[in-house]
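Take a walk through this structure with the chains side by side. Keep the sequence at hand as you read.

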Amino acid sequence: MTAIRMVRKIKGKEKVKEFEDKYKNLQNLQMILESEQGNMLHQLDLENWEHYLENPDEYLEEGKTIFVEGINLGELELDLMHNIKNKQPNSVSELARMVNREAGAISNKVNSLAKNGLISFKHGSKNRKIPILEYDKLEIGF
Amino acid sequence: MKDGSQNKNIIGDYLIYDNKTPRMWAIVIMPIEIRVDNAHGFVHIHFSHRGIHHKINKTDFDEIYEIIVRHIEINKIIDKKKLWEELL
């Protein structure tokens, strides 16, 4: 099992936009926080949202550590992640074209990256899965 | 301008979130809901969401983080009383 730290640096205003996408507005988050479902992570979100509303140009470095197992992070996988991050393909088929492969040939690898938390999917039109990579760099621990 | 930071790490069966802004820092342990922070001008620990705070003597973020990680590695399951004593 290998520990990988995924890191990204974003501006406060981008973080605020993410909170808006997640909770719509501050009042909604406050309502959740006061309800039975409210927990300490909602409290953290509220504090951060209020802070970055006041400081939209401040930078925030976000990191998460994931543990991956049974995944080969070779040239193709890194190439796939590079393309997902920098060229934002709208589907796995489009990603396959970017790396000059058939969609079937990369499908397992893309699913394995997602299963291990290195990328994620969002739903596009016509049931398309859009691969997403929100982080800027990977740090691999030994 | 100093950057803020936010990290999520898995230690044993727990998720540890650490959050720093130029104004304050917090460490949250989930799903057990323990929070250590330096809000209101002094470092303290909460043992539940909406729970009261208990003052601790350790004040350095890195030292507190290390104590929490070591506590989980040694005990596997967090013993709240023992953890508090370790932070005093």
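The tour below goes from overall layout to core, salt bridges, surface and backbone.

This is a predicted model, in which local features need pLDDT of at least 70, side-chain atom pairs count only at pLDDT 80 or more, and totals for chains, interfaces and linings use all residues. Residues are numbered from 1 along each chain as its sequence is written, chains are lettered from A and ligands numbered from 1 in the order in which they are written, and side-chain values use heavy atoms, with hydrogens and water left out.

Start with chain A. It holds six helices and five strands. Helices here are DSSP runs of H or I with at least four residues, strands are runs of E with at least two, and both are numbered from the N terminus. Read from the N terminus, the order in chain A is β-α-α-α-β-α-α-α-β-β-β. The C-alpha trace of chain A spans about 50 × 40 × 35 Å along its principal axes. Of the 142 residues in chain A, 40% are buried. Buried means under 20% relative accessible area, exposed means over 50%, and partly exposed lies in between, with a 1.4 Å probe and protein chains only.

Now turn to the core. Where does the largest nonpolar core have its most connected residues? B:Ile16, B:Ile27, B:Val36, B:Ile64, B:Ile68 and B:Leu87 have the most contacts inside this core of 22 residues. Five elements of chain B, namely β2 (14-20), β3, β4, α1 and α2 (80-87), each give two or more residues to it. Helix α1(B) supplies the largest share, seven residues. A nonpolar core is a set of buried Ala, Val, Leu, Ile, Met, Phe, Trp, Tyr and Cys residues joined through side-chain atoms within 4.5 Å.

Next come the charged pairs. A salt bridge is a side-chain nitrogen of Lys or Arg within 4 Å of a carboxyl oxygen of Asp or Glu. By this rule there are 17 salt bridges over all chains. One of them joins A:Glu47 and B:Arg35, at 2.9 Å from N to O. This pair crosses between chains, from helix α3 (residues 40-54) of chain A to strand β4 of chain B. Both A:Glu47 and B:Arg35 are buried.

Other pairs stay within one helix. A:Lys15 and A:Glu18 form a salt bridge at 3.4 Å, N to O. They sit three residues apart in helix α1 of chain A, about one turn of the helix. A:Lys15 is buried, at 8% relative accessible area. A:Glu18 is partly exposed, at 26%.

In chain B, B:Lys81 pairs with B:Glu85, with their closest N and O atoms 3.1 Å apart. The two are four residues apart in helix α2 of chain B, so about one helical turn separates them. B:Lys81 is exposed, with a relative accessible area of 58%. B:Glu85 is partly exposed, with 43%.

Patches are made of residues with over 30% relative accessible area and no salt bridge, joined within 9 Å for like charges and within 5 Å for nonpolar side chains (Val, Leu, Ile, Met, Phe, Trp, Tyr). Which residues form the negative patch? They are B:Asp60, B:Asp62, B:Glu63, B:Glu66 and B:Glu73. Asp and Glu count as negative, Lys and Arg as positive, while His and the chain ends are not counted. The place of a charge is NZ of Lys, CZ of Arg, CG of Asp or CD of Glu. B:Glu73 lies in helix α1 (residues 61-75) of chain B.

A nonpolar surface patch is formed by A:Met1, A:Phe67 and B:Ile10, with about 310 Å² of accessible area together. Accessible areas come from the Shrake-Rupley method with a 1.4 Å probe, and for residues only the protein chains shown count as cover. B:Ile10 is in strand β1 (residues 4-11) of chain B. At 36% relative accessibility, B:Ile10 is partly exposed.

Finish with the backbone. Most residues other than glycine have a negative phi, and most peptide bonds are trans. A:Lys24 has a positive phi, near 75°. It lies in the loop between α1 (12-23) and α2 (26-34) of chain A. A:Lys24 is exposed, at 66%. A:Gln88 also has a positive phi, near 40°. The loop between α4 (75-87) and α5 (92-98) of chain A holds A:Gln88. In chain B, the peptide bond from B:Met30 to B:Pro31 is cis, with omega near 0°. B:Pro31 lies in the loop between β3 (25-30) and β4 (34-37) of chain B.
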